[in-house]
Each structure stands twice: as structure tokens, then as C-alpha cells.
Amino acid sequence: MKRFISHEELARDSRFKRASSRGRLLESLPDDVDGVVALLEQVAPKLRERVKGTELEPVFDELGPGYLFLTQFGALRPEDPNVEVQLKMRLHSIFVGEMQALEGAGRTLWDFPDAPWEFRMNMARQCWDESRHCQVFEKLLDHVGVGVGDYPEATVLFEAACADDPTLRVAGVNRCLEGLACDAFRAMIEYAKEADDPVMEQAIDFVLADELTHVRFGSNWVKQFTRDNPEKFKEAKAFQREVERRFSVGSGRSGRGDATIGIAREERLEAGFTEEELREIAEIADRGPSRGTLVEAATVLKARHHARLRGEPVESIPGPAVTAAAD
């Protein structure tokens with residue numbers, strides 16, 4: 001079997017539609033409503049093509065090119081008008097993320113045959129956990145009425161698992177992405193409590209317990225692999241910061257008060273993060289456009305989208321009239 005594959009080589013059946021990484025687009029967005037609107041209108045045809053044939057096609061047709069900002073970047077609350085599509089998108093995103101986490105741990109086990117036996121056993125344990133997580137989230141998809149492959153799959157998670165050094169692998173995947181999973185799952189558990197959904201609450205709580213173990217794997221092996229090698233430790237920290245940056249765009253996850261997903265402090269501290277690291281993560285996550293900017297821009301984009309459908313000019317629509325047009 002080939003070692004060191006790229007994310008383009010991940011095998012999927014006909015149910016799945018591969019999407020380009022939205023992170024690269026979001027990284028370029030300014031914290032300015034007009035700037036966000038201009039950029040999203042420019043790439044709107046590509047976004048429309050990306051969702052064609054998936055459950056996001058009617059969402060795009062209703063909300064326009066800013067649909068992500070009114071769904072995934074909206075606060076997940078039972079009373080939110082977009083909560084159904086938000087929940088379905090988020091659970092499907094987590095499901096494919098668990099698949100890629102399984103593939104990433106399996107590739108790490110295979111790609112580094114000379115790594116310490118204990119390290120390889122930890123990766124094997126993680127494969128077992130991730131396969132169970134795939135089953136859990138597949139059942140949660142059924143629970144909310146979503147089919148596997150209903151939404152596009154981005155491979156940004158697996159891309160972080162393609163480093164050719166085991167130290168960077170566990171720094172990017174176990175310390176960063178599994179840490180991000182702690183944040184996302186804590187937010188999902190809180191939502192399930194508000195929605196009075198004990199099935200979802202308990203299922204995700206069980207998965208969260210495994211994520212803490214996976215983060216500890218990363219914390220332990222970064223220390224082991226960089227012992228007496230400060231340059232390698234700096235390289236691992238830099239790689240982890242870069243992955244953190246890619247996954248913290250637009251207050252999707254940050255320490256700001258308007259964040260869609262907050263930083264799970266207690267879980268991260270239990271998993272081996274320090275207070276200094278949490279401050280650094282919050283600083284990285286707080287860069288870029290705020291959720292308020294993105295949601296306001298999405299409202300403008302929706303109004304312009306509907307104006308175009310009616311054959312009306314859109315560039316001259318003033319800000320105050322946009323909300324009325326959206327209604």
C-alpha cells in the first residue's frame with residue numbers, strides 16, 4: 001500500500017461530492033461588510049456550482065452566496081429560524097471529519113513504520129475510536145434526517161494529516177484538530193441540552209471523552225519527539241499555530257463573545273493544554289472578520305440575490321433597505 005498520499009487521493013463512493021476548502025476563501029475576507037459582500041459576489045458562480053446536486057442547492061437558492069454565514073456561522077440555538085439546516089450541516093461536517101480523522105490516524109500508523117511501538121499503538125487505538133465515532137455520527141445523521149453525502153465534503157482536516165513528519169502530524173491533528181473537536185462537541189452538547197435532545201447529548205458526550213485521550217496522545221508525543229531538540233519543538237508549535245489559524249476564521253471558533261463555538265477551557269486543560277496555550281489559541285482565533293460582520297454581509301448578499309431573481313438592480317441598494325428587501 002502506498003505511503004504518504006495526498007488529500008486528492010482519498011477514496012469515496014458516489015454518494016459524496018468533494019468541495020474545495022472554504023477555509024482558503026474565508027482567510028482572505030476583511031472585517032468589513034462591503035468587502036465581504038464584494039468578494040462573495042465575485043465567487044458566487046463557483047459557490048453555486050459547488051453545492052449543485054446536494055442538499056445545499058436549495059439553501060443557496062434561498063439565501064444566496066452568503067449562505068454559510070447564516071448557517072454554519074449562525075449561533076446554533078433551538079429558536080433560530082435556520083437551526084434545522086445548521087444542525088444538519090454541522091453533524092454532516094463532523095461525520096466526514098471523523099472519517100478523515102480515522103483515515104489520518106491510519107495513515108500515520110502506516111506512514112511511519114519505524115516510529116516507537118507505543119506511538120503506533122496509540123495511533124491504532126485512535127483508529128478504533130474514530131471508527132466508533134463514525135458509527136455514532138452516522139446514527140446521529142439518521143436521528144436528524146440527513147443522508148451520508150447530502151452535503152459537500154471538504155478535506156481540510158485530512159490535509160493537516162499529510163505532513164511527512166510524525167511530530168507535525170500529532171501537533172496538527174491531535175493537539176490542534178482534536179482540540180478543536182473538544183470545542184465543537186462542548187458547543188453541541190450545550191445545544192442538545194437546550195433542545196432537550198438527550199440522545200444527541202449523551203452520544204456526543206461519549207465521543208468527547210475519547211477526544212480528550214487523543215489530545216493527550218498529541219501532547220505526550222510532541223514532548224517525546226522534541227526532547228532535547230528545541231528547534232523541532234519550535235517547528236511543531238509553528239505548524240500547530242498554522243493549523244489553528246486555518247480553522248479559526250470568522251469567529252467560527254474563537255474566544256470572542258460573538259463566537260459560534262467557544263474555546264472549551266476545562267476540557268482543553270484536562271487534556272494537557274496550558275493557560276498560556278489557551279491565550280495563544282484565543283489570540284489566533286480572534287483574528288479575521290467577526291461573526292457579526294459575516295452575518296450582516298450575508299443579509300446584504302441575500303437581499304441582492306433576491307433582487308437579481310426579480311430582475312432588479314442591486315448595486316445601488318442602500319444598507320437600510322437591504323433588510324427590507326430580504327424580507
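1. Lys232 touches Asp165, Thr167, Phe225 and Thr226, with residues up to four places away in sequence not counted; contact here means heavy atoms within 4.5 Å. Lys232 is found in helix H10. Helices (H or I, at least four residues) and strands (E, at least two) are DSSP runs, numbered from the N terminus. At 16% relative accessibility, Lys232 counts as buried, where buried means under 20% relative accessible area, exposed over 50%, and partly exposed in between (1.4 Å probe, protein chains only).

2. On provenance, this is a predicted model, in which local features need pLDDT of at least 70 and side-chain atom pairs count only at pLDDT 80 or more, while totals for chains, interfaces and linings use all residues. Residues are numbered from 1 along each chain as its sequence is written, and side-chain values use heavy atoms, with hydrogens and water left out.

3. As to overall content, the protein has 14 helices and 2 strands. Of its 327 residues, 54% are buried. Among contacts between residues at least 6 apart in sequence, 74% join residues at least 24 apart.

4. Helix H5 (residues 83-111) packs with helix H6 (residues 117-144) at an angle of about 160 degrees, and their axes are 8 Å apart. Axes are lines fitted to C-alpha atoms, for helices over the stretch in contact, and angles run from 0 to 180 degrees between N-to-C directions. H5 and H6 are therefore roughly antiparallel to each other; angles under 35 degrees count as roughly parallel, over 145 as roughly antiparallel, 65 to 115 as roughly perpendicular and the rest as oblique. The crossing of H5 and H6 is left-handed, a term that applies if the near helix is turned anticlockwise from the far one by less than a right angle, whereas clockwise is right-handed. By class, the contact of H5 with H6 has 18 nonpolar, 6 polar and 5 charged residues. In this classification Ala, Val, Leu, Ile, Met, Phe, Trp, Tyr, Cys and Pro count as nonpolar, Asp, Glu, Lys and Arg as charged, and the others, Gly among them, as polar.

5. The pair formed by helix H8 (residues 166-194) and helix H9 (residues 198-225) also packs at an angle of about 160 degrees, with axes 8 Å apart. H8 and H9 are therefore roughly antiparallel to each other, and their crossing is left-handed. The contact of H8 with H9 comprises 20 nonpolar, 6 polar and 7 charged residues.

6. Which residues touch the most other members of the largest nonpolar core? Of its 62 residues, they are Phe95, Phe137, Phe185 and Met200. A nonpolar core is a set of buried Ala, Val, Leu, Ile, Met, Phe, Trp, Tyr and Cys residues joined through side-chain atoms within 4.5 Å. The largest share of this core, 9 residues, comes from H5. Apart from this core lies another, of 11 residues, among them Phe112, Phe119, Leu168 and Val222. With residues up to four places away in sequence not counted, Phe137 touches Leu91, Ile94, Phe95, Glu98, Phe185, Ile204 and Val207. In soluble globular proteins, nonpolar side chains tend to be buried together.

7. Two further buried positions may be inspected. Val96 lies in helix H5 and is buried at 5% relative accessibility. Neighbours within four places in sequence aside, Val96 is in contact with Phe16 and Glu153. The C-alpha atoms of Val96 and Tyr151 are separated by 9.8 Å, the two residues being 55 residues apart along the chain. Ala44, found in helix H2 (residues 33-51), is buried with a relative accessible area of 15%. Ala44 touches Phe60 and Pro65, residues up to four places away in sequence not being counted. From Ala44 to Gly64 the C-alpha to C-alpha distance is 8.0 Å, at 20 residues apart in sequence.

8. Backbone geometry deserves a check at two sites. Most residues other than glycine have a negative phi, and most peptide bonds are trans. Phe4, although not a glycine, has a positive phi of about 60 degrees. Phe4 is found in the segment before strand E1 (18-19) and is partly exposed, with a relative accessible area of 37%. Asp228 likewise has a positive phi of about 60 degrees without being a glycine. Asp228 lies in the loop between H9 and helix H10 (230-246) and counts as exposed at 77% relative accessibility.
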